[in-house]
Amino acid sequence: MKTVKHKILVLSGKGGVGKSTFSAHLAHGLAEDENTQVALLDIDICGPSIPKIMGLEGEQVHQSGSGWSPVFLEDNLGVMSVGFLLSSPDDAVIWRGPKKNGMIKQFLRDVDWGEVDYLIEVSLQDVRKEINFCHKVKLPIIGVVENMSGFTCPKCQKESQIFLPTTGGAEVMCQDLKVPLLGKVPLDPRIGKSCDKGESFFAEAPDSPATLAYRSIIQRIQESCSLRQPKGENLVGS
Amino acid sequence: PGNLAGVRHIILVLSGKGGVGKSTISTELALALRHAGKKVGILDVDLCGPSIPRMLRVQGKAVHQCDSGWVPVFVDQEQSISLMSVGFLLEKPDEAVVWRGPKKNGNDRPGDSTVSLLASPAALLHMAVVDALRPYSPLGALVVTTPQAVSVGDVRRELTFCKKVGLRVIGVVENMSGFVCPHCAECTNIFSRGGGEELARHAGVPFL
């Protein structure tokens, strides 16, 4: 961990809002600059989606003298996930409490990342999930991303709100809790398809409003990181 | 014996993937069963995001214990749907829930109901819940997924879990299967297609 400049935690209090999808694309976006070293850590013990989304399903991890070696998608983008330890896609991971915690600690402690500019950690949902929690333990909050925010019909181009922001969505929440809203990413069917294929959505649909939203959000994250000392938390909310 | 003795059928709603719609489907299923004249109990053991109280418009209701255990909240005047949710135990909507291992085996019992639906948390494989319910012979598990491969990838592990612990799978439900544009009626598969059916076939369980 000493060799990591900026650690970004991607959190949410709700399952299925897009933490993995967002984290993967944050990693892709940051790693587009060859001079930036990016690490993506997936500690979702029970539902490790990151290998699939990054197109690394079936890859094996190895232990060296200095710890677990991450799987490198690019020279400057390394990925680590418990998913790499499962031998078959049907394998169920049934961990009881202490074993689970021990596994997480081992992952965090023993991965040999090398020199990293950004470490993106896809957090477990059930622990540090709330903005209030972050405030309580003094974790700085980079901001909130509202995912699945609106859908433009490919046929008639009209917009619909599928997941209605009946209580004002992230915008109101951010105002209430005084945290920055980094941006809103709309639904695009190509996002799911890219994740299923293990490819970057940015390459698949460079002109999509979702891509533009991502780029703007990533830029704000980079700016936020450069303004502060290492260790910031990024909340993903929907 | 015990509070589940009056419950005729127990259904577990599982997934293995967060956000696929377990709470939504459980709620809709409860409403549909009520419409068919059944008495339904819902046990929302989603320890980390108990959504069902809000869906049935009973968020914020107080619950109390009597001699025989927790008294569930009736969501309607006819008292055909009763709900017990860990959400009732949270005082404020912004409160975070952090449970340490042993506490998760709480005393939630749905009381006298014909059908009991449990919305089980996604990312946690709750051996404890299955073990606690085993003496009452649950009907089985309703497994929810969305169509895309990333969801299916998680849910197949849940199906393995069911097999391993001897929990019968009633079938697979594919949620969020396409979106019909309200303006032009074009159907778009936002979260891909086909995954649920394929998953059911692969696991040898009914595709509901």
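Trainee: How do you know that β2(A) is joined to strand β7 (residues 116–122) of chain A?

Mentor: Count the bridges: 5 of them link β2(A) to β7(A), and the strands run parallel. Two strands pair if DSSP finds at least two bridges between them, so 5 bridges are enough to call this a pair. One bridge partner pair is L40(A) with I120(A) in β7(A).

Trainee: Before we go on, what am I looking at here, and how are things numbered?

Mentor: It's a predicted model, where local features need pLDDT of at least 70, side-chain atom pairs count only at pLDDT 80 or more, and totals for chains, interfaces and linings use all residues, while side-chain values use heavy atoms, with hydrogens and water left out. Residues are numbered from 1 along each chain as its sequence is written, and chains are lettered from A and ligands numbered from 1 in the order in which they are written.

Trainee: Which other strand is joined to β2(A)?

Mentor: Strand β6 (residues 77–81) of chain A, again running parallel and again through 5 bridges. There, D42(A) has S81(A) as its bridge partner.

Trainee: What makes β2(A) "mostly covered"?

Mentor: Of its 5 residues, 5 are buried; that word means under 20% relative accessible area, with exposed over 50% and partly exposed in between (1.4 Å probe, protein chains only). In a regular strand the side chains alternate between the two faces of the sheet. Here V38(A), L40(A) and D42(A) sit on one side, A39(A) and L41(A) on the other, and both faces are covered.

Trainee: Why is S194(A) called buried?

Mentor: Its relative accessible area is 0%, so it passes the cut-off for buried. S194(A) is in helix α6 (residues 189–197) of chain A; helices here are DSSP runs of H or I with at least four residues, strands are runs of E with at least two, and both are numbered from the N terminus. Leaving out residues up to four places away in sequence, S194(A) touches E199(A), S200(A), F201(A) and E204(A), where contact means heavy atoms within 4.5 Å.

Trainee: Why is P53(B) called buried?

Mentor: P53(B) has a relative accessible area of 4%, so it too is under the cut-off. It lies in helix α2 (residues 52–55) of chain B. Its contacts, neighbours within four places set aside, include V58(B), L83(B) and F88(B).

Trainee: What about T27(B), buried or exposed?

Mentor: Buried, at 3%. T27(B) is found in helix α1 (residues 22–35) of chain B, and leaving aside neighbours within four places in sequence, T27(B) is in contact with I52(B), M55(B) and L56(B).

Trainee: How many residues, helices and strands does chain B have?

Mentor: Chain B has 5 helices and 11 strands, and 54% of its 208 residues are buried.
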